[in-house]
Amino acid sequence: MEQRKAELIAMKAKLVEIKRRNAERQQSLSMSRRSAELTFPHPQSSYSSRESIEALVDSLVGVGARPSSTGPMMGMKSSRPNSVMSAAESSFSDTASPTMHSSGGVAMTPESTTPSPLTMQNISIAPLTITYDAPPSPVREIITYSREVQTAEAWTEPDDEDNDDPTSRSRGSDEELRERIRKEIEEELKQLQTDESEQQIDGQPGGATNGGVFARELTDEERAAITASEDFLDFIERSSKVVERALDMEYDVLADYGLGISAEDEEQSGRMIKEVAQFYDERWSKKRMISDINYSPKFPELLLASYTKNPSAPHDPDGLVLVWNMHMHHRPEYVFHAQSDVLTARFSPFHPNLIVGGAYSGQVLLWDTRAKSQPVLKTPLTGSGHTHPVYSVSVIGTQNANNILSCSTDGVVCGWTVDMLAQPQELLELTTPPPSKTDDLSPTCMAFPHSDPTYFLVGTEEGTIYPCHRYDRAGAKAGVEPRIAYRGHAGPVMSVDFHPVRGPVDLGDLVLSSSVDWSVKLWKARPPVATTSSTSGITQTATPILEFSREDVVYDAAWSPVKPGMFGLVDGAGQLEIWDITVDTEVPIAKAQPSSRVGATHLTKGLNKLAWEEHDGKRVAVGGLDGTVTVFEVAIDPPRNEEWASVKRLVGSKDTAGK
Amino acid sequence: MAASGPSLTEDELTSLLARISQKQSVQSLIILDRSSGAIIRSSGSIAANRNSETLVGEYAGMVWKFVKSAEEMVGGMDDEDDLRLLRVRTKRHELVIVPGNFNPDPMAIVR
């Protein structure tokens, strides 16, 4: 018994010694990836003490009195220190070789199974805190890693954790912790993977080595699921636009003006018209012709172009309206469809989201930029509206009360409310006034003066321009005003444009018309009240006050929105001409031709339409048979007051001379 | 039929992305999952040869981390705020990153 006691004391002493060593080792481990020399002694020492420990355990089991209290504890916690050690072990082993990772853990187990109860008594606090850390991240694959890091986490700041009141740790900090853990995992994985990829540079492809920071590569199914989802497509749609705009943005914020200018810029600067952009989309613009162009009144960088059908693509919609952005050259901002060729389209001046169009089928269509590509409203194909092609639409009125006016080639003019296209609000049938052989009238274009929404001019296929009233009024019935006709063109009138009223002198009665008879004519429109005073029954004929003869058919002519005497025209030869009647009435002040795309022939050079940007009047867009919209910048001086007076004087002198 | 479908078809999506990545100035286009950083799609010159798969992954990882930290910064200034566009100019390259509200965020490396 005495001997046994002595034995026990000796063992206790040994035990204390072992404890101390273990504590030492843990400490040194916690200091982590130090040099290996530090860690080497410990396996040695643990091995040396192993036999004695076994003996101790045996003896303790033999005595059977004391372990009863430590037993359950040990049983419960033994798994934790396991991972503690293996984690710690691997944390320095992985710098050497990541494949060691698992084997390191295995190697530790025989050693750690036995000393663990002893260590446990020492550092019981650490596992306790760990249990709070324990809620593993929900991702199954990561669990192994998160344990690993968890312990590392506990080791790096055990003191803090101890000081913390464990109950005070909220979910929030858990989240935080998880986040931190995830980041560390990334770090480690990255390290692992760079090592791995070095080792198995020609090893297994794909799979484990996606080369990235991330543990797993998406499977094909997952990828397909993501790419097929509505959200994803929507996102790509939007974000790709942003990317393209960003890429096309020409202004360089980092520009250094001290570094010199390229020669090209200098060459361009001397000219009055400069081509700044061309819009063409391989998918949509191909083999279509441009039927109309219009600038957005709200966003000066947006313009729309309407297109006829592509005869070689029967599955694509016949009619098309593309909205182009000056900052995105290779792709339309919006694509709008129609079942029939769109012949005319314009932004509603009162609602920047709405686009109104007229189709070959006789339909009037309304698109919304907030909606998808189909029209949000359209008139029915049969019944009360147009049954012939609609070549002209206008939005007339004020912000609070505006109507869509449309005009088809059979002489029907309809008024529609913007929210209801099922039935026209007003319907007017235009007929040629009496002296002619037939009373058919086929309008090709229509224009409203800026001052009077009840009166308009229509240009017809026979070449005459007629004034029309929308409503019955004193001395005149709704329809074509029989007492006056503007005769002068020998061919169909292609455009009629009232002068924009924006200056000190009212020039709103000046009308510009273009025709396939190779000319542009300037008219002074008689106010409708004045015509009532003339003798009824006899048609007065008004003659143009100025004629501009050209070398080809003129398809469009439009006043500049800022310069009183300036207008632009486009012709069948593909020329854009800028005129200023205050400078010269015989020759244009500038001419330009859109640079042709590759593969374009002379047959597709002709230009159909022209539109001025209305805010500063410096840009003009043209488009024609080849489906390309070309934007030119026109160098203009700000308009002077004398110009207004000079236009007035010129018009006055010509007017009296003509009579 | 494309005319009636509100969303893009697979082909259209591919051609849309192809057009961006075929722009002269664009080197590569990568679409990542915003939550995990996994690569959904990648194209362009750095993704072209097989060996560079790891390179794309590395790029993606770096970008993803950058976006995360930018997100943190923005979130720190205003909780309700969200990241919309990142443009990073370097001497040689430019990165255009558009984080989505939905998971993935694309990236274009240009110039």
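These entries record what I looked up in a predicted model.

**Conventions.** I number residues from 1 along each chain as its sequence is written, letter chains from A and number ligands from 1 in the order in which they are written.

**Chain A overall.** I found 17 helices and 30 strands in chain A; these are DSSP runs numbered from the N terminus, helices being H or I of at least four residues and strands E of at least two. Of the 659 residues in chain A, 47% are buried. Buried means under 20% relative accessible area, exposed over 50%, and partly exposed in between, with a 1.4 Å probe and protein chains only.

**A sheet in chain A.** I traced an open sheet of four strands in chain A, in the order S1-S30-S29-S28 with antiparallel pairing. Its edge strands are S1 (273-279) and S28 (607-612) of chain A, each pairing on one side only. Two strands pair if DSSP finds at least two bridges between them; S28(A) and S29(A) (residues 619-624) have five, in the antiparallel sense. Across this pair, Lys609(A) stands opposite Gly623(A) in S29(A).

**Asp556(A).** I next looked up Asp556(A), which is found in strand S24 (residues 554-559) of chain A. Does a buried or an exposed position apply to Asp556(A)? Asp556(A) is buried yet has no salt bridge, and the nearest side chain of opposite charge, Lys609(A), is 4.5 Å away. For charge, Lys and Arg count as positive and Asp and Glu as negative, with His and the chain ends not counted. A salt bridge requires a side-chain nitrogen of Lys or Arg within 4 Å of a carboxyl oxygen of Asp or Glu. The side chain of Asp556(A) reaches the backbone nitrogen of Leu610(A) at 3.0 Å.

**Salt bridges.** My search of the whole structure gave 27 salt bridges over all chains.
- In chain A, Arg640(A) and Glu642(A) meet at 3.8 Å, N to O; Arg640(A) is partly exposed at 48% relative accessible area.
- In chain B, the closest N and O atoms of Lys68(B) and Glu71(B) are 3.4 Å apart. Both residues lie in helix H2 (residues 53-77) of chain B, three residues apart, about one turn of the helix.
- Glu94(B) and Arg87(B) form a salt bridge at 2.8 Å between the closest N and O atoms. Glu94(B) counts as buried at 1% relative accessibility, whereas Arg87(B) is partly exposed at 33%.

Methods. This is a predicted model: local features need pLDDT of at least 70, side-chain atom pairs count only at pLDDT 80 or more; totals for chains, interfaces and linings use all residues. Side-chain values use heavy atoms; hydrogens and water are left out. A polar contact is a pair of N or O atoms within 3.5 Å; within protein, one must be able to donate a hydrogen and the other to accept it, and residues adjacent in sequence count only if both atoms are side-chain atoms.
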